[in-house]
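I opened the model and kept notes as I went. These are the entries, grouped by what I looked up.

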Amino acid sequence: MRLPVLCVFLCASLPLVANAGESSHSIHDGHIHYDQDVWETLPPAQAVQMLKDVNINRALVSATPAEGAEMLYRADPEVVIPMLRPYKSWRHRYLWFNDPDLKSYLLEHMARVPYRGFGEFHVFGQDADSIPMEEMIELARERKLVLHPHTDLEGMRIILQKAPDIVVIWAHGGFNVPVETLRDLLDQYPMFYIELSLREGMLDDEQQLTPQWKQFLVDYQSRFLVGMDTYKPSRWADLPELADETRDWLKQLPESAAADISRNNLDRLFPQ
Ligand SMILES: [Zn+2]
């Protein structure tokens with residue numbers, strides 16, 4: 001039932017996005033998923049075109065199952081930075097960090113396309129303290145890959161303690177973790193980055209950056225990535241709107257901060 005609904009969204013939104021990006025800043029996106037639930041209605045070439053139509057010209061892409069990221073990478077290796085999700089399925093999402101076969105799963109998939117990191121992966125609290133997690137971190141260390149966890153503060157602290165020497169990008173910036181805590185982590189861990197999709201508390205009722213967030217983004221402008229997070233089919237349909245909303249707050253920043261956060265930081269972390 002979901003597919004025809006998506007088609008209605010997409011068919012309706014496609015003509016609107018044709019010129020959407022031309023006068024706007026290019027975005028290099030830190031959080032795109034190409035999950036199985038859109039493969040049929042949005043084939044790889046069309047998905048890449050949708051990104052380009054809203055002036056998203058590079059993107060970290062992961063998928064459940066992982067083959068989605070592979071397909072999108074093959075459709076356009078210049079745009080797609082493939083990220084390997086450690087899940088075999090959605091069910092596995094709640095088990096993977098204790099799976100003794102995790103390392104062989106990762107190695108097998110890493111041989112297929114040049115993955116640049118592990119993520120976005122979900123793990124919470126003490127679940128982050130497991131042998132398979134440590135094996136994944138060791139692989140990231142050996143192969144110079146990044147980690148992109150969706151986790152809570154407890155999980156984040158565990159990962160950072162295990163991987164202080166690895167680029168770690170916190171998906172959603174911890175959602176509602178206080179800014180002061182984020183500042184402390186950024187100061188303590190120089191390889192730690194914050195990705196801002198679905199982050200709470202940044203904007204006031206008039207869609208203006210709060211003074212606290214504006215200062216925070218400027219103070220640490222080299223440490224943030226933006227993201228649209230297409231975690232469900234309707235988020236693909238909403239891509240033009242999501243990109244516009246992101247550009248609306250980027251415009252409230254000094255140009256150099258907006259350029260770093262919208263694309264330069266991602267390019268520095270993931271050189272072509
Ligand atoms: Zn997430």
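I started with Gln207, which lies in the loop between β7 (192-195) and α9. For element names I follow the DSSP runs, numbered from the N terminus: helices are H or I with at least four residues, strands are E with at least two. Residues are numbered from 1 along each chain as its sequence is written. The model is predicted, so I note that local features need pLDDT of at least 70, side-chain atom pairs count only at pLDDT 80 or more, and totals for chains, interfaces and linings use all residues.

Phi of Gln207 is near 60°, positive in a residue other than glycine. Is Gln207 buried or exposed? I found 11 other C-beta atoms within 10 Å, so Gln207 is exposed. The cut-offs, with C-beta atoms placed from the backbone: buried means 20 or more other C-beta atoms within 10 Å of the residue's own, exposed means 12 or fewer, and partly exposed is in between.

**Helix α9**

Next I went through α9 (residues 211-219). Trp213, Phe216 and Leu217 are buried there. They span an arc of only 95° around the axis, which puts them on the same side of α9. The arc is taken over the directions from the helix axis to the C-beta atoms. On the other side of α9 I noted Pro211, Gln215 and Asp219 as exposed.

What do the buried residues of α9 pack against? They pack against α8 (179-188), β8 (224-225) and α12 (255-269). Contact here means that the C-beta atoms of two residues, placed from the backbone, lie within 7 Å.

I looked at Pro211 separately. Pro211 is exposed, with 9 other C-beta atoms within 10 Å. I also checked its C-alpha atom against that of Lys52, 159 residues away along the chain: they are separated by 32 Å.

**α3 against α4**

I then turned to α3 (residues 44-53) and α4 (residues 67-75). Their axes come within 9 Å and cross at roughly 70°. That makes α3 roughly perpendicular to α4. The axes are lines fitted to C-alpha atoms, for helices over the stretch in contact, and angles run from 0 to 180 degrees between N-to-C directions. Under 35 degrees counts as roughly parallel, over 145 as roughly antiparallel, 65 to 115 as roughly perpendicular, and the rest as oblique.

Pro44, Ala45, Ala47 and Val48 of α3 make the contact with Met71, Leu72 and Ala75 of α4. I sorted these residues into seven nonpolar, no polar and no charged. In that sorting Ala, Val, Leu, Ile, Met, Phe, Trp, Tyr, Cys and Pro are nonpolar, Asp, Glu, Lys and Arg are charged, and the others, Gly among them, are polar.

Buried residues in α3 are Ala47, Val48, Met50, Leu51 and Asp53. Just after α3 comes Asn55, with a positive phi of about 65°. Asn55 sits in the loop between α3 and β2. With 19 C-beta neighbours inside 10 Å, Asn55 counts as partly exposed.

**α5 against α6**

At what angle do helix α5 (residues 102-110) and helix α6 (residues 131-143) pack? I read about 30°, with the axes 9 Å apart. That makes α5 roughly parallel to α6. Leu102, Lys103 and Leu106 in α5 meet Pro132, Glu135, Met136 and Leu139 in α6. This contact divides into five nonpolar, no polar and two charged residues.

**Cis peptide bonds**

I noted a cis bond between Thr64 and Pro65, omega about -5°. Pro65 is in the loop between β2 (56-62) and α4. Another cis bond joins Gly119 and Glu120, omega about -20°. Glu120 belongs to strand β4 (residues 117-122).

**Ala128**

Ala128 is in the loop between β4 and α6. It has 24 C-beta neighbours inside 10 Å, so Ala128 counts as buried. Beyond its neighbours within four places in sequence, Ala128 contacts Val123, Met133, Thr151, Gly155, Ile158 and Ile159.

**Core**

Last, I checked the largest nonpolar core. A core is a set of buried Ala, Val, Leu, Ile, Met, Phe, Trp, Tyr and Cys residues joined through C-beta atoms within 7 Å. Of its 78 residues, Tyr34, Ala59, Val61, Leu72 and Val168 touch the most other members. Helix α11 (residues 239-250) gives the largest share, five residues.
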